[in-house]
Amino acid sequence: MNQENQRIMEQIKGGLIVSCQALESEPLHSSYIMSRMAYAASLGGAVGIRANTVADITEIKKNVNLPIIGIIKQNYGDCDVYISPTMKEIDALVECGVSIIATDATDSDRRPRPDGKSLDEFFGEVRRKYPDQLFMADCSCYEEAIHAAEIGFDFVGTTMRGYTDYTKGIALPDLELIERLSRECEKPVIAEGGIWTPDQLKKILDLGAWSAVIGGAITRPLEITKRFVAAISR
């Protein structure tokens, strides 16, 4: 691993990565707003940012000097795999200079990819094309994360936990999964999904996660408001 990639890995170790994303259907959808969210997160002590789309990433990089986990959410027909799913999205993320690229690394037998390739085929092509780029595997279960580590991903994440048909309904954050992966996986684990409180974040890092991503609890006021309203509407 080159020195720059090693520096990035050490920079995010033991810290909070803030996800700054808003889809077109959401009230804060704006590259400018996402850049200010990221700037606020950096001032608050975040060690990295996770962001979606070239437009948002480009704007964020003007204001924030932190490692960025870049994704492009792209739907292809009725395909379930939408996080940086093809080489087209990978190329675009490399071009805009993100530190880490995240892609869906779920079981391609259960969740076929839009290009018809297996995960192994797809990532093999990606790694050959971009041997020095850091990649994060967005996984939903233990087996997927272990496999992603085996085929050469630099990080494994629990991003898709609860979002696949075979993991729906699982309580998040899944501390048991995070602890097991942190103990048994050969690659650093980035915990993501359902982290709502500082105590949960501390517990997850104490369990051995390399770092953790929080989005909804920090950068999605619509969802935060709903949680408070639900608590007083029971």
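Q: Which residues does Leu175 touch, not counting residues up to four places away in sequence?
A: In this predicted model, Leu175 is found in helix α7, which covers residues 175-184. Once residues up to four places away in sequence are left out of the count, the residues that Leu175 touches are Lys203, Ile204 and Leu207.

Q: Is Leu175 buried, partly exposed or exposed?
A: The relative accessible area of Leu175 is 31%. Buried would require a value under 20%, and exposed a value over 50%. Because 31% falls in between, Leu175 is classed as partly exposed.

Q: How far apart in space are Leu175 and His29, C-alpha to C-alpha?
A: Along the sequence, Leu175 and His29 are 146 residues apart. In space, going from C-alpha to C-alpha, the distance between Leu175 and His29 is 31 Å.

Q: Why can strand β4 be called largely enclosed by the rest of the structure?
A: Strand β4 is made of residues 100-104, and Ile100, Ala102 and Asp104 point one way from this strand, while Ile101 and Thr103 point the other way. Residues on both of these sides are buried. Strand β4 is therefore largely enclosed by the rest of the structure, since the number of its residues that are buried is five of the five.

Q: Which residue in β5 is the bridge partner of Ala102?
A: Strand β4 is joined by five bridges to strand β5 (residues 134-138), and the two run parallel. The chain passes from β4 to β5 through helix α5 (residues 119-129), in a β-α-β crossover that is right-handed. Within β5, the bridge partner of Ala102 is Met136.

Q: Which residue stands opposite Ile101 in β4?
A: Strand β3 (residues 68-71) runs parallel to β4 and is joined to it by two bridges. Together with helix α4 (residues 87-95), the strands β3 and β4 make a right-handed β-α-β unit. The residue that stands opposite Ile101 is Gly70.

Q: Through which helix does the chain cross from β7 to β8?
A: Strand β7 (residues 189-192) and strand β8 run parallel and are joined by three bridges, with Ala191 standing opposite Ala212 in β8. The β-α-β crossover from β7 to β8 is right-handed, and the helix that the chain passes through, made of residues 198-206, is α8.

Q: Which element supplies the largest share of the lining of the largest pocket?
A: The largest pocket, with a volume of about 690 Å³, is lined by 27 residues, and Lys73, Tyr163, Glu192, Gly216 and Arg220 lie nearest its centre. This lining divides into twelve nonpolar, eight polar and seven charged residues. At least two lining residues come from each of β8 (211-214), α9 (216-219) and α10 (221-232). The largest share, three residues, comes from α9.

Q: What is the volume of the largest cavity?
A: A search of the whole structure for cavities of 30 Å³ or more finds one. The residues that line the largest cavity include Thr158, Arg161, Glu192 and Gly193, and its lining divides into three nonpolar, two polar and three charged residues. The volume of the largest cavity is about 30 Å³.

Methods: Residues are numbered from 1 along each chain as its sequence is written. This is a predicted model: local features need pLDDT of at least 70, side-chain atom pairs count only at pLDDT 80 or more; totals for chains, interfaces and linings use all residues. Side-chain values use heavy atoms; hydrogens and water are left out. On a 1 Å grid over the protein atoms alone, a cavity is a set of points where a 1.4 Å probe fits but cannot get out, and a pocket is an open set with protein on both sides within 12 Å along at least five of seven lines; lining residues have an atom within 4 Å of a point. Grid points are joined across faces, edges and corners, and a volume is the space filled by probe spheres set on the points. Helices (H or I, at least four residues) and strands (E, at least two) are DSSP runs, numbered from the N terminus. Ala, Val, Leu, Ile, Met, Phe, Trp, Tyr, Cys and Pro count as nonpolar, Asp, Glu, Lys and Arg as charged, and the others, Gly among them, as polar. Two strands pair if DSSP finds at least two bridges between them. A crossover is right-handed if, with the strands pointing away from the viewer, the path from the first strand over the helix to the second runs clockwise. Buried means under 20% relative accessible area, exposed over 50%, partly exposed in between (1.4 Å probe, protein chains only). Contact means heavy atoms within 4.5 Å.
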